Amino acid sequence: MDGYGMQNQIACIRRSLFDQGYLDEQFIQLEELQDDTNPNFVQEIVTLFYTDSARLIQNIELTLNSRPINFSKLDDYMHQFKGSSSSIGAKKVTSECAVFRQYCAAGNAEAYISSLLPHIYTD
Amino acid sequence: TALVVDGDTTCRVLEQLLLRSYGVQTHGVDNGRDAVALIASGVKFNLIIIDMILPVLNGLEIRDMGVHCKMLGVTACSGESERQAFLAAGVDVFIEKPLDPEHLVPILRELDG
């Protein structure tokens, strides 16, 4: 595939991420911060987000597997995850974090996990 | 100059870069204790941007540690009770994350006089 074709494909993927609600206008803010002095800024910040997220998800998983579940700690992790995902424009992740925090507030993380199971196999 | 206090690296890097894009010099720390220590060492800041929940000495406690400059509280919490708590703790402005130019620019203009 030539350069033009690849750019076109990247643009299509980018547009679909917005159309499907995975990204919001905050991601555009990130793109606008990229310039000649920070030419790879978007790539770097998304990579940083993935690294931080992997660590957070691991901590969330450990907390969910502990008994009794420490809902305060779980809420802190979800709070942090919601903050970082909203900051890079990861709209769907932010929304799910907000929903999960509501379940945590009710002390019912298992119900949220159960509600996700159908989506894991169909999405 | 501005101090960004956020335990999340992604948020802290983004907030610092956003400030720098408007010509603001920035420092960044990931907890309230280091923020207080930095200020106590004599470094002057016109603005502190601080998250409510931090690993050590969170945003709700920092005013009690003798911090007097303008504070902008940013947090992923969106509830009215969190907003009131953060304002009662001494932040001058409360913003739900993400920090964006729409909220930041008026504050920078006000500080610029």
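How much accessible surface does chain A have, and what share of it belongs to carbon and sulfur atoms? The accessible surface of chain A is about 7,700 Å², with 55% belonging to carbon and sulfur atoms; such areas come from the Shrake-Rupley method with a 1.4 Å probe, and for residues only the protein chains shown count as cover. This is a predicted model, in which local features need pLDDT of at least 70 and side-chain atom pairs count only at pLDDT 80 or more, while totals for chains, interfaces and linings use all residues. Residues are numbered from 1 along each chain as its sequence is written, chains are lettered from A and ligands numbered from 1 in the order in which they are written, and side-chain values use heavy atoms, with hydrogens and water left out.

**Chain A**

- Chain A holds 6 helices and 0 strands, where helices (H or I, at least four residues) and strands (E, at least two) are DSSP runs numbered from the N terminus.
- Buried residues (under 20% relative accessible area, 1.4 Å probe, protein chains only) make up 33% of the 123 residues of chain A.
- Taking contacts (heavy atoms within 4.5 Å) in chain A between residues at least 6 apart in sequence, 44% join residues at least 24 apart.
- Helix α1 of chain A (residues 3-19) has 17 residues and should span 24 Å at 1.5 Å a residue, which agrees with the 24 Å between its end C-alpha atoms; the expected span is 1.5 Å times one less than the number of residues.

**Strands of chain B**

- In strand β1 of chain B (residues 2-5), Ala2(B) and Val4(B) point one way, Leu3(B) and Val5(B) point the other way, and all are buried.
- β1(B) pairs in the parallel sense with strand β2 of chain B (residues 26-29) over 4 bridges; pairing requires at least two bridges found by DSSP.
- The chain passes from β1(B) to β2(B) through helix α1 of chain B (residues 9-21) in a right-handed β-α-β crossover, meaning that, with the strands pointing away from the viewer, the path from the first strand over the helix to the second runs clockwise.

**Interface**

- Contacts link 21 residues of chain B with 20 residues of chain A.
- The two chains bury about 1,600 Å² between them, 65% of it on carbon and sulfur atoms; buried area is the accessible area (1.4 Å probe) that two parts lose on being put together, summed over both.
- Thr10(B), Leu14(B) and Leu17(B) supply 32% of the area that chain B buries against chain A, more than any other three residues.

Note on methods. Buried < 20%, exposed > 50% of the residue type's maximum accessible area, 1.4 Å probe, protein only.
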